[in-house]
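Hi there,

Here is the structure I promised to pass on. Have a look at it first, and then read on for what turned up.

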Amino acid sequence: MPINPGPVSGNLKRESIWHMDVADLLSFGRRPSRPLSLKDLAVFCRKAAFLLNAGLPIKAAMPILYAQMPGRALKSVVSDVHKMVMQGEKFSKAIKVAKVFPAFMCGYVDIGEKTAQLPKVCEQLADFYEQQATLKDELTAAMMYPAAVSLMMLGVIVLAVTLVIPGYSDMFAASGVPLPALTAMLIGISDFLGENWLVVLAGISGGLIIMLLFLRSSRGKAFSSRIKLRIPLLRQNINFRLVQAMSLLLSSGLSVSRAIPLCREITENSRVREDLQNLSANVDAGIAFWEALGQMKYIDPLLIGLARVGEETGSLPQTIQKCHYYFEAAYRHNIRRMNKLIEPLVTLVMGVILAAVMLAVVLPTFELATVL
């Protein structure tokens, strides 16, 4: 289990996986069951880049990287990677076998090893995943307020329908005055849910299970992929991630034909992956990159136009990089705009529903007051 870290050069303190505390020993071998998060990838690549830029070989850098990993699961992953590296495997092969690093990262690290630019590659990957993590956090933050408002108002509506309004049913039955239509409708809904809650719950659960099974099937994945490409913000996200990856790969000296297959690994959209495979085949067949890119109908025309200019002038990496900066700014702007639009829209819709429920509570009071 313990691994000899080997010699460490420079003024950095020598670390060893021999020096484990009790918690580390108890958690050793405990690995993440799913791919690492964007933040974990960014931390891993940033620290690796720092150590490699300091002149350490990868075998000497791994024990120090192990000691600096923030979580037990990450420490276990780094330990396993280090063990394989010490056994003679390449760093790219070791992270691939770990099965928690994305294929895009594994392929790009392999290129860094073959071109003797591993420190630069790790630094670029750190920037890449930090940017993706930041954008993901911004999108999540944009949805937090509408979700909180919706949950709060839904709770008020459920309390009113289940606790307040049913009390009027007995009062009106005793007085002989018919209930207002809105109140009667809500009481009917409340009674139905109260009497058939098990059936309703089973129906909702069954529907969700069927939907999840469908979405996991090949036809379901193809269907959801097409739907996502019709949603403007998601379509823009796909364009941004594609141009971001292309910019990273082309700026490292890769040819377009070698960069496109790696770009397939940045998305789980089956339609996009299939189109990128066709794009790679067309480029290999001699078709211009911009022309083959134009066959993907959801690609932003700006990217196609700039790719054409870049290819014709021999400055495709610089052109794609400028396009990347523009797409990033546009995507951030649309996230902020969506946030500003969703907040009042959700407040308005939930406010109308809440007003209807409150009206159903107030109307019976006026009816009884009039009769009495």
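How many helices and strands does the secondary structure of the protein chain come to? The answer is 17 helices and 0 strands, where helices (H or I, at least four residues) and strands (E, at least two) are DSSP runs, numbered from the N terminus.

Two notes on how to read the rest. This is a predicted model, in which local features need pLDDT of at least 70 and side-chain atom pairs count only at pLDDT 80 or more, while totals for chains, interfaces and linings use all residues. Residues are numbered from 1 along each chain as its sequence is written, and side-chain values use heavy atoms, with hydrogens and water left out.

**The chain as a whole**

Of the 372 residues in the protein chain, 40% are buried. Buried means under 20% relative accessible area, exposed means over 50%, and partly exposed is in between (1.4 Å probe, protein chains only). The chain exposes about 20700 Å², with 63% of that supplied by carbon and sulfur atoms; these accessible areas come from the Shrake-Rupley method with a 1.4 Å probe, and for residues only the protein chains shown count as cover. Contact here means heavy atoms within 4.5 Å. Among contacts between residues at least 6 apart in sequence, 64% join residues at least 24 apart.

**The nonpolar core**

A nonpolar core is a set of buried Ala, Val, Leu, Ile, Met, Phe, Trp, Tyr and Cys residues joined through side-chain atoms within 4.5 Å. The largest one has 94 residues, and those with the most contacts inside it are Val81, Phe91, Phe101, Phe104, Met105, Leu125 and Phe289. H7 provides the largest share of this core, 14 residues.

**Pocket and cavities**

Rolling a probe the size of a water molecule over the atoms shows where empty space is left. The search runs on a 1 Å grid over the protein atoms alone: a cavity is a set of points where a 1.4 Å probe fits but cannot get out, a pocket is an open set with protein on both sides within 12 Å along at least five of seven lines, and lining residues have an atom within 4 Å of a point. Grid points are joined across faces, edges and corners, and a volume is the space filled by probe spheres set on the points.

The largest pocket holds about 1400 Å³ of space. It is lined by 40 residues, of which Gln132, Arg241, Ile266, Thr267 and Glu268 are the closest to its centre. Two or more lining residues come from each of helix H2 (38-53), H6, helix H7 (118-164), helix H11 (218-230), H12 and H14, and H12 gives the largest share, 7 residues. By class, the pocket lining has 23 nonpolar, 8 polar and 9 charged residues. For these classes, Ala, Val, Leu, Ile, Met, Phe, Trp, Tyr, Cys and Pro count as nonpolar, Asp, Glu, Lys and Arg as charged, and the others, Gly among them, as polar.

Leu242, Val243, Met246, Leu276, Leu279, Phe289, Leu293, Leu303 and Ile320 line the largest cavity. H12 gives the most to this lining too, with 3 residues. The lining has 9 nonpolar residues, with no polar and no charged ones.

- Helix H3 (residues 58-68) is mostly covered, with 8 of its 11 residues buried; among them are Ile58, Met62 and Tyr66.
- Gly112 lies in helix H6 (residues 103-114) and counts as buried because its relative accessibility is 0%. Beyond neighbours within four places in sequence, Gly112 is in contact with Gln117, Leu118 and Val121.
- Lys83, in helix H4 (residues 72-86), counts as partly exposed because its relative accessibility is 43%.

Finally, two loop residues. Most residues other than glycine have a negative phi. Lys99, in the loop between helix H5 (91-98) and H6, has a positive phi of about 65°. Ala116, in the loop between H6 and H7, has a positive phi near 60°. Lys99 is exposed, at 70% relative accessibility, and Ala116 is exposed with a relative accessible area of 70%.

Enjoy exploring!
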